[in-house]
Amino acid sequence: MAIDQVHDLQQVYRKILHSMSRPGTISSIQKNVESVDYNLPCYDATLLSAMTLLDAEVTFHILSDNQHDLIEKISDYTLARFAPIDKADFVIVLREDTEATIQQALEQCKDGNLIDPQQSSTWIIESSLLSNNGELTLTGPGVQHTAQLHTSFSTALWQARNERTKEYPIGIDLIFADEASQIVCVPRTTSVKLMGVN
Amino acid sequence: MKAETHFAFFDEGSKKEIRRAIMKAVAIPGYQVPFASREMPIARGWGTGGLQITLSIIGKSDVLKVIDQGADESVNAVSIKKLVHETTGVELTDRTEDADIIQSRHRIPEIALTKEQIIVLQVPTPEPLRGVEAREYITKRMHSEYDYSGAWLILFEQIMKYGKTATAADHPVYVNHRYVMAPSPIPRFDNPKIHQSDALILLGAGREKKIYAVPPYTNVESLAFDDYPFTVESFEGMHCHLCSGADVFLDELIDHTTGETIYQCNDTSYCMERMNENVNEKEKAEVEGSYA
Ligand SMILES: [Zn+2]
């Protein structure tokens, strides 16, 4: 069964919107992933998130140097164009990407400006299994008290992310996706504290 | 539904652009995200901004409620419901608690909204600083520099003139301690409902091409001075002549036979629910009474 460009993508969008409005809230897009009949070197949830948000009006970047085929496929499916990290509207991080590569990209990506803070990059990041049993404590808009979260982002990467969001409203918004087709979001407004780190 | 029409009226490209704008709006609470507003088959100023949001987020399993100034059956609400229903087939409801998406003009329902609901508010004038500055690039700069002296000046002038802040509706709010935002022309009575709301609040202005949002559990403060605190419309000692509801937003009416001033719930579906409950309770009491 193929992806229904209208209904599957609407359902995935609402899950992403729900999670973006409620940082730390994990949503499942398992039902829609069952429609994915592509065999690509990325998670089905990554592909569905990209198909939901990308089109000819936006650009994307993939960190890895040896994913020409995936870049071509995503361009074909969404009509979005590939762009360098400092120009891309969406940044896609695959499981194979190294901490050093991601860290460098976090430093170089678009984060908007005070006049147009929306001209920033949105990240779609592949993570090991996401859970609410974790080392991160989230607070901020969308979080009623606090939320706990576990992602595969290291302490150094969260510190790099926090560095890019400290001049709010300038910042970046993150969508994490895992192999079990779960997604969770951490927008720029979220304060992320790491256990044992000040 | 005709085969050639798109689900939810828009082509997928239009939806994606609006969906991306909504995501940024959620990530930057109270900030007005520009978007390429589309021409809609309803008159401008009749909620095209809200309608574009609703059409971009709605899915076939959603239940939709549309209200205009508290009423589900106004011409405006009916024409919006008709357009959405004809292009999506979604179920419509008047019951606030049964709706997944509530599109509203000038009110937030009396019943507390839930985590699973999204309220879409129609906005005629999204820029709270427009009264002090006509030029968009200047108001954008004021927001960027956190320069809200103009917003305070408007309130100060009202106090000088009327002895109180005279904003009948659309009283400006601070969102997440950062942006001053026009909450749309809701009465001041509804402003506290935006603060730490369980539901996601999306706002759309079609003519001005802006989308903005207040995520759930976000701090929202109405602008006020220490010596002139923010107050909501008071209905103390008054109640609805139909359902006897109090602590709700009441409309003032004149009883045509007696010429007296009477009050009625502005939120018609809330009033109907209460009247039904009152009838049921009365029937129950009568049934119980007949067994006594
Ligand atoms: Zn009533």
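Q: What makes the pair B:Arg20 and A:Asp55 a salt bridge?
A: The closest N and O atoms of B:Arg20 and A:Asp55 are 3.1 Å apart. A salt bridge requires a side-chain nitrogen of Lys or Arg within 4 Å of a carboxyl oxygen of Asp or Glu, so the pair qualifies. The count between chain A and chain B is 3 salt bridges. This is a predicted model, in which local features need pLDDT of at least 70 and side-chain atom pairs count only at pLDDT 80 or more, while totals for chains, interfaces and linings use all residues. Residues are numbered from 1 along each chain as its sequence is written, chains are lettered from A and ligands numbered from 1 in the order in which they are written, and side-chain values use heavy atoms, with hydrogens and water left out.

Q: How many residues does each chain give to the contact?
A: Chain A gives 42 residues and chain B gives 39, where contact means heavy atoms within 4.5 Å. About 3300 Å² is buried between the two chains, 59% of it on carbon and sulfur atoms; buried area is the accessible area (1.4 Å probe) that two parts lose on being put together, summed over both.

Q: Why is the site of the zinc ion called tetrahedral?
A: Its 4 donor atoms make angles of 102 to 118°. Four donors count as tetrahedral if all angles lie between 85 and 135 degrees, so the site meets the rule.

Q: What makes the four cysteines donors to the zinc ion?
A: The SG atoms of B:Cys240, B:Cys243, B:Cys265 and B:Cys271 coordinate the zinc ion at 2.2 to 2.3 Å. In sequence the donor residues are spaced C-x2-C-x21-C-x5-C.

Q: Which peptide bond is cis?
A: The bond joining A:Tyr168 and A:Pro169 is cis, with omega about 10°.

How values were computed:
Donors are N, O and S atoms within 2.8 Å of the metal (3.2 Å for Na, K and Ca); water is not among the atoms, so sites may look incomplete. Four donors count as tetrahedral if all angles lie between 85 and 135 degrees; four count as square planar and six as octahedral if opposite donors are over 155 degrees apart and all others between 65 and 115; anything else is irregular.
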